[in-house]
Amino acid sequence: PDLDFGAPPLFGKNRDGRELLFVAQKSGTVSALDPKTGKAVWRKTFGRGGYLGGIHWGLAIDPQRGVLYVPISDYPAGLDLSAEPRPGMYALNTNDGSVQWFAAKDFSAEARAELGFWPGLSAAIVAANGVVFAGDLAGQIDVYDASNGKVLWRYNTATNFATVNKVTANGGSIDAHGPLLVDDLMLVSSGYSGVGMQGGNAFL
């Protein structure tokens with residue numbers, strides 16, 4: 001199955017100041033490696049993984065808090081699906097990979113019918129100034145409190161927009177590159193049509 005490293009590695013320090021290389025796979029496995037030897041310092045697996053993650057396009061780290069933020073998609077593709085999916089945002093202790101908090105995504109049949117697609121977290125995420133920004137495959141942007149995982153606000157981009165250049169625009173799934181923060185702006189591309197997802201052409 002397709003369980004490769006889609007997310008780029010992160011180089012950072014744990015709570016004790018030790019330099020580590022954090023890597024994550026579509027299998028849902030996160031590893032902290034010694035960057036000089038490649039030896040695993042710790043390794044944890046979350047969710048069931050699959051073609052569209054597991055962990056797909058990117059992690060984020062807060063070295064001041066000593067926390068690694070891990071988005072899980074668990075979209076039902078590419079594996080034996082007997083395991084229970086666990087899509088959502090995980091916050092891990094950088095020393096040992098223990099879970100500090102987990103914010104689950106609602107993937108119930110009712111939620112999927114309302115949203116139009118699976119709401120797993122596949123796109124890259126960003127953490128800054130005590131918040132974590134993540135876009136999901138159903139087109140929602142969630143903004144989490146970095147200390148406890150509470151969703152501070154949510155915005156659904158899978159809709160139609162009036163545009164400054166007068167071109168008709170509609171949002172959809174958020175995948176691959178995620179939100180970008182510039183001063184007090186969040187920039188995001190909404191619409192991704194791969195693997196049956198919701199296409200679109202909105203840049204917000």
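In what order do the four strands of the open sheet come, and is their pairing parallel or antiparallel? The order is β1-β2-β3-β4, and the pairing is antiparallel. Strands here are DSSP runs of E with at least two residues, numbered from the N terminus, and two of them pair if DSSP finds at least two bridges between them. The model is a predicted one, with local features needing pLDDT of at least 70 and side-chain atom pairs counting only at pLDDT 80 or more, while totals for chains, interfaces and linings use all residues. Residues are numbered from 1 along each chain as its sequence is written, and side-chain values use heavy atoms, with hydrogens and water left out.

At the edges of the sheet sit β1 (10-13) and β4 (40-45), each pairing on one side only. Direction ignored, neighbouring strands are turned by 25° against each other on average; the axes behind this angle are lines fitted to C-alpha atoms. Between the antiparallel β1 and β2 there are four bridges, and L10 stands opposite F22 in β2.

Now to the cores. A nonpolar core is a set of buried Ala, Val, Leu, Ile, Met, Phe, Trp, Tyr and Cys residues joined through side-chain atoms within 4.5 Å, where buried means under 20% relative accessible area with a 1.4 Å probe, protein chains only. The largest has 15 residues, and V30, I55, L68, V70 and L92 have the most contacts inside it. Two or more residues each come from β2 (19-24), β3 (29-33), β6 (67-72) and β7 (88-93). Another core, of 13 residues, lies apart from this one and includes Y69, A103, A134 and Y144. Taking contact as heavy atoms within 4.5 Å, and leaving aside neighbours within four places in sequence, V30 touches V23, A24, W42, R43, K44, F46, I55, L68, V70 and L92.

Two other buried residues deserve a look. D62, in strand β5 (residues 60-62), counts as buried because its relative accessible area is 10%. Its side chain makes a polar contact of 2.9 Å with that of R65; such a contact is a pair of N or O atoms within 3.5 Å, one able to donate a hydrogen and the other to accept it. Beyond four places in sequence, D62 is in contact with V67 and Y69.

F161 belongs to strand β13 (residues 160-161) and is likewise buried, at 18%. Its contacts, sequence neighbours within four places aside, are Y155, A169, G171, A202 and L204. From A32, F161 is 129 residues away in sequence and 42 Å away in space, C-alpha to C-alpha.

Terms used: Buried means under 20% relative accessible area, exposed over 50%, partly exposed in between (1.4 Å probe, protein chains only). Axes are lines fitted to C-alpha atoms, for helices over the stretch in contact, and angles run from 0 to 180 degrees between N-to-C directions.
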